[in-house]
Amino acid sequence: MIRPIFGQLSAVVAMTWLVSPAFAQDTQAIRKEIEALKQTYETRISELESRLKDVEEKKKAHSAETPAPASSGRSVFGNSFNPSIGVVLNGKASSFSRGTSEIAGFGVGEEGERGKEGLAIDESELNFSANVDDKFYGSLTAAIVREGGEDKIELEEAYIQTLPGTGLPTGSRIKAGRAFWTLGYLNEHHAHADDFADRPLPYRVYLNKAFNDDGIQLSYVLPTGFYSEIGGGAFRGDDFPAGGSVSGLGAWSAFARIGGDIGNSQSWRVGGYVLGSDANGRISNEDMVTFIGQSRLYAADLRYTWAPTGNPKQSEVILQGEYFHRDDDGTYEDADAGTGPVAFDDDSSGWYIQGVYKFAPIWRVGARYARMSTPGTPAGLVGSALDSGGHDPDTISVMGDWTNSEFGRIRLQYNREELSSGADDNQLLLQYIMSIGAHGAHAY
Amino acid sequence: MARKSSLIAMVLLGMAFASPAFAKIRIFACEPEWAALAREVGGNRVEAFSATHKQQDPHHIRAKPSLIASMRHADLLFCSGAGLEVGWLPILLRQAAPADLQPGQPGHFMAADYVSVLEKPAIVDRSLGDIHPEGNPHVHLDARNIVPLAQELSRRLAIVDPPNAQVYAEQTDAFVRRWSHKLAGWEARAAKLEGMPLIVHHKSWAYLVHWLGLKQVATLEPRPGIQPTPGHLNELLKISRTQPVKAILRTPYDPSEASGWLSSKTGIPAITLPYTVEKGAATGALQALFEETIALLEKANKADHAGQ
């Protein structure tokens, strides 16, 4: 800064010198003037120099807010089009009072089982998303999980979605690929956004944690003054509660939901959903139990949020509940118990309700109760994994979490599960969920 | 035949219900200050709705159902931008916004794109807190910014609603004239506030501080978006004992504990400045916002508190 100014000054001084010699009688006066100018500028320059020193010291202190030098690195303009990248890191320490955990009366998939005891990382999620062009949006989420002693990549989501520029009627959109489809409240959300360290019972039993089959879904926000949306989809039929798709088109869904506000600080949403599936082999219980037949899952959800001061960042109450009803018509076989295929036509249900209270910007507490109503046991399945022994599994959970910033959360949770008759399991879970990279937006 | 005509009647009725004959231009404003400005520029030709209210931190709301519905019906979107609404606006835009409201369209108006943004960080690292790579988004509190924003809004309204272009232009001219007059008065008063040392809760006041030549000594949050810690507050206690601080500022949505604590220890007044206008504020509210803000600062600046 100082050097160029000084250079300019001397040039100006020299110019003044050159243009004025004609009037000799003024030389003396001019010299004096220049002397005075020099004096002024020297004082000014030393002043500037000391200011520069100050600024440089401040710069050291607040390096984050000062512009980086232009030549700080290679500029790769191709990177400007990189998608938003987000990583979610997730780890748990769990302690269980029982060695085993079986949910009586149901065929339960791998993801629906109790987690690992001791120290373990949960799903580490990688997300890439961006607009493809003016008409499409694309997103990919891969989870790296440890299964059977190996790190595997599970493709959770890989979908494209139409943007409003596509020319479809306002409010409608089509999503295709693999996604956490619209079904109940939690299914659409990634596990890292959950309020508890594990999914509630009906999700573990009916959806093997979440339904993310390959497929396509159309949804339409109706032109009503309040929020109302309808939609439906068609899916491959490979993911729980379907499975073993033969035709490549083995499941369908439909949904409707409405929502709105009450005053300035309360919001709500309720929905009804149905998922029909043609299971050519819904495999569960470590490949031992197979269901073949028609399965229909009905769901209803409610979510209500209330910010007592109007500002949810400060404090908030969230109430959420979901009810599921499943109708299975086909055959069940438990290879472990050697039952052979047994005709089965019955229904079952499950629900949970939970409340979370954020009492300070960084502190929240919550409680959850979940219960399953088991179907009847046909004679051929007595003594198998599908024999509930007349017991309805239930769990009660309480949790407290600490949120340092929008991106980091640590949670302690206690569960008391009685999933089979007399099999009390006291669980303590300590979990961290941290996200780095893109500032992801979360839906209601 | 009768059945057919009743069907037509029903369809017509439905259409009338969906779009009243003399439809006003619906403006979806993310914050109440932009809804208020939209009412000044648009007058009775527009209907401005604010997604957030004065008690809410606009950075921390959800893409709730009612907003999806409002977005679906909107003709123009008017927000702060610079990442302030990044946690919820993208979802609303993808879910239900008309094509005309998508980024790059005249119906997509982000204030931060039309004013000079302060505090653009060169190093973006979350260990520094929730900083926005785009710079500080709280642009409305520099009253000089209101003028170019009003003019840009008028230009965009003219594109969205050509028949009323003349009306918007006239209303904007009148508003800018009134505003410039007010601005001169505020700036004259601000001369006495120059260098006023302040502690603020969050960096929500950067533009006000910049405009009025105030001096921000420290923030209660150790890092943007990180709640005040006892250690950091003790640090501030030391600072406020060694150098003069005239007031501790917060918005109506910042928690009061930290500023209350520091105020009780030092005697420095903790004041809640309005920060924005009420959700459904009538015209004139924006002027009142700045009047009140300056009056509160003047009062705090004159007072000689016990701690000094």
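Analyst: Buried means under 20% relative accessible area, exposed means over 50%, and partly exposed lies in between (1.4 Å probe, protein chains only). This is a predicted model, in which local features need pLDDT of at least 70 and side-chain atom pairs count only at pLDDT 80 or more, while totals for chains, interfaces and linings use all residues. Residues are numbered from 1 along each chain as its sequence is written, chains are lettered from A and ligands numbered from 1 in the order in which they are written, and side-chain values use heavy atoms, with hydrogens and water left out.

User: How many salt bridges are there over all chains?
Analyst: A salt bridge is a side-chain nitrogen of Lys or Arg within 4 Å of a carboxyl oxygen of Asp or Glu. Over all chains, the count by this rule is 34.

User: Which residues does a network of salt bridges that share partners join?
Analyst: Beyond the pair of Arg371(A) and Asp394(A), there are salt bridges that share partners and so form one network. Its members are Asp195(A), Arg364(A), Asp401(A), Arg409(A) and Arg411(A).

User: How many residues apart in sequence are the parts that Glu229(A) and Arg173(A) tie together?
Analyst: The two side chains meet in a salt bridge of 3.3 Å, N to O. Glu229(A) lies in strand β8 (residues 227-235) and Arg173(A) in strand β6 (residues 172-178) of chain A, so the parts tied together are apart in sequence. Glu229(A) is buried at 2% relative accessible area, and Arg173(A) is buried at 12%. The separation is 56 residues.

User: What is the relative accessibility of Lys152(A)?
Analyst: Lys152(A) meets Glu147(A) in a salt bridge of 4.0 Å, N to O. Glu147(A) is buried, with a relative accessible area of 18%. Lys152(A) counts as partly exposed, and its relative accessibility is 37%.

User: How much area do chain B and chain A bury between them?
Analyst: The size of an interface is often given as the accessible area lost when the parts come together. Here buried area is the accessible area (1.4 Å probe) that two parts lose on being put together, summed over both. With contact meaning heavy atoms within 4.5 Å, 42 residues from chain B and 52 residues from chain A take part. Of the area buried between the chains, 55% is on carbon and sulfur atoms, and the total is about 3,900 Å².

User: Which three residues supply 19% of the area that chain B buries against chain A?
Analyst: The share of these three is more than that of any other three residues. They are Arg62(B), Arg72(B) and Arg94(B).

User: Which element gives the most residues to the side of chain B that touches chain A?
Analyst: The rule finds 3 salt bridges across this interface, and Asp57(B) and Lys313(A) meet in a salt bridge at 3.6 Å, N to O. Both α3 (65-73) and α4 (89-95) of chain B supply at least two residues to that side. With 6 residues, the element that gives the most is α3(B).

User: What is the angle between the planes of Phe109(B) and Tyr114(B)?
Analyst: Rings of Phe, Tyr and Trp (its six-membered ring) pair if their centres lie within 6.5 Å; planes under 30 degrees apart are stacked, over 60 edge-to-face and the rest tilted. Over all chains the count is 23 aromatic pairs. The rings of Phe78(B) and Phe109(B), with centres 4.6 Å apart and planes at 10°, are therefore stacked. Phe109(B) and Tyr114(B) form an edge-to-face pair, 5.5 Å centre to centre, with an angle of 75°.

User: How many residues of chain B are there, and what percentage count as buried?
Analyst: Chain B has 10 helices and 8 strands. Of its 308 residues, the buried share is 55%.

Terms used
Helices (H or I, at least four residues) and strands (E, at least two) are DSSP runs, numbered from the N terminus.
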